[in-house]
Amino acid sequence: MSKSIQKYIRENFGTIVKILGVYLVGVIIGIMLFCFTDVKKEYTTIVTSILDSAKLENFEGINIISNGIRNNALYIMLLYLSSITFVAPLIICLMIILKAIVTGIYICALFSVFGFFKGIAVVFVSVLVPIAFSLCGYICVCINVISMFKSLFSSQGVKAGNIVKHIYFLIIAISLISFSIVVEQLMTKVTLGIYMDLV
């Protein structure tokens with residue numbers, strides 16, 4: 001790990017912990033929604049139908065990478081646009097929670113489809129491994145957005161040095177998120193193999 005990244009983590013450690021805390025709350029909310037509301041049947045059916053479609057098309061017709069890049073680019077753009085509002089931290093929290101809620105529901109849906117033991121394997125390879133990379137990327141994006149928000153609404157304004165720093169860590173963030181999409185595609189092939197054995 002380079003010294004600049006180590007310094008970045010030290011300087012933003014409190015923010016990183018808060019973002020992870022917000023994300024964890026969102027995942028818990030997603031799990032509770034799955035367990036105690038009517039979304040259980042709906043999302044289980046959606047996951048099953050996606051897996052069935054992937055199996056019939058031999059997984060070649062599903063372009064996860066292009067869809068993933070487009071969806072994540074839109075999400076990042078919305079995060080950056082929030083920096084020009086007075087309620088940017090609140091918007092960031094809401095967007096993180098919404099993303100985490102979807103993750104929580106998806107994890108539960110996978111367990112519902114695959115059962116407990118195979119579900120653990122599937123959740124690990126198709127959710128936890130990709131999220132390990134994408135979450136690091138989104139933490140960088142969120143820290144950038146919060147920093148921009150503070151600069152825009154402070155008397156000091158935005159400094160050229162800070163812009164270079166934002167671009168540097170945005171490139172790292174996009175690289176991590178893009179890599180997570182590739183990993184997700186590779187891991188989905190593993191998930192599909194487990195599903196074909198299951199059915």
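A surface patch here is a group of residues that each have over 30% relative accessible area and no salt bridge, with like charges joined within 9 Å and nonpolar side chains (Val, Leu, Ile, Met, Phe, Trp, Tyr) joined within 5 Å. In this predicted model, local features need pLDDT of at least 70 and side-chain atom pairs count only at pLDDT 80 or more, while totals for chains, interfaces and linings use all residues. Residues are numbered from 1 along each chain as its sequence is written, and side-chain values use heavy atoms, with hydrogens and water left out. The chain contains seven helices and zero strands, where helices (H or I, at least four residues) and strands (E, at least two) are DSSP runs numbered from the N terminus.

**Overall architecture**

- Read from the N terminus, the elements follow the order α-α-α-α-α-α-α.
- Of the 199 residues in the chain, 37% are buried; buried means under 20% relative accessible area, exposed means over 50%, and partly exposed lies in between (1.4 Å probe, protein chains only).
- Among contacts (heavy atoms within 4.5 Å) with a separation of 6 or more, 83% join residues 24 or more positions apart.
- The chain exposes about 11,500 Å², of which carbon and sulfur atoms supply 72%; accessible areas come from the Shrake-Rupley method with a 1.4 Å probe, and for residues only the protein chains shown count as cover.

**Nonpolar surface patch**

- Leu74, Met77, Leu78, Leu81, Ile84, Phe86, Val87, Leu90, Leu94, Leu152 and Phe153 make up a nonpolar patch on the surface, and together they have about 1,100 Å² of accessible area.
- At least two patch residues come from each of helix H4 (64–81) and helix H5 (88–114).
- H4 provides the largest share, four residues, and Met77 is located in this helix.

- H5 comprises 27 residues and spans 39 Å from its first C-alpha to its last, close to the 39 Å expected at 1.5 Å a residue; the expected span is 1.5 Å times one less than the number of residues.
- Thr103 belongs to H5 and counts as buried because its relative accessibility is 12%.
- Apart from neighbours within four places in sequence, Thr103 is in contact with Tyr23, Val127 and Ile131.
- Val113 is also placed in H5, and it counts as buried because its relative accessible area is 15%.
- With neighbours within four places in sequence set aside, the contacts of Val113 are Thr44, Val47, Thr48, Leu51, Tyr195 and Leu198.
- Val113 and Tyr195 are 82 residues apart along the chain, and their C-alpha atoms are separated by 8.7 Å.

- Helix H2 (residues 13–36) has 24 residues and reaches 35 Å from first to last C-alpha, close to the 34 Å expected at 1.5 Å a residue.
- The buried residues in H2 include Ile16, Ile19, Val22, Tyr23, Gly26, Val27, Gly30 and Phe34.
- Ile146 lies in helix H6 (residues 116–152) and touches Thr15 and Ile92, not counting residues up to four places away in sequence.
- Between Ile146 and Ala88 there are 7.3 Å in space, C-alpha to C-alpha, although the two are 58 residues apart in sequence.

**Salt bridge**

- Side chains of opposite charge can pair when their charged atoms come close.
- The structure has one salt bridge, defined as a side-chain nitrogen of Lys or Arg within 4 Å of a carboxyl oxygen of Asp or Glu.
- Lys7 pairs with Glu11 in a salt bridge, with the closest N and O atoms 3.9 Å apart.
- These two residues, Lys7 and Glu11, are separated by about one helical turn because they are four residues apart in helix H1 (residues 3–11).
- Both ends are partly exposed: Lys7 has a relative accessible area of 45%, and Glu11 has one of 46%.

**Cysteines**

- Zero disulfides are present, a disulfide being a pair of cysteine sulfur atoms within 2.5 Å.
- For Cys108, the closest cysteine sulfur is that of Cys35 at 4.8 Å, so the distance is too far for a bond.
- For Cys136, the closest cysteine sulfur is that of Cys140 at 7.3 Å, which is likewise too far for a bond.
- Cys108 counts as buried at 11% relative accessibility, whereas Cys136 counts as partly exposed at 40%.
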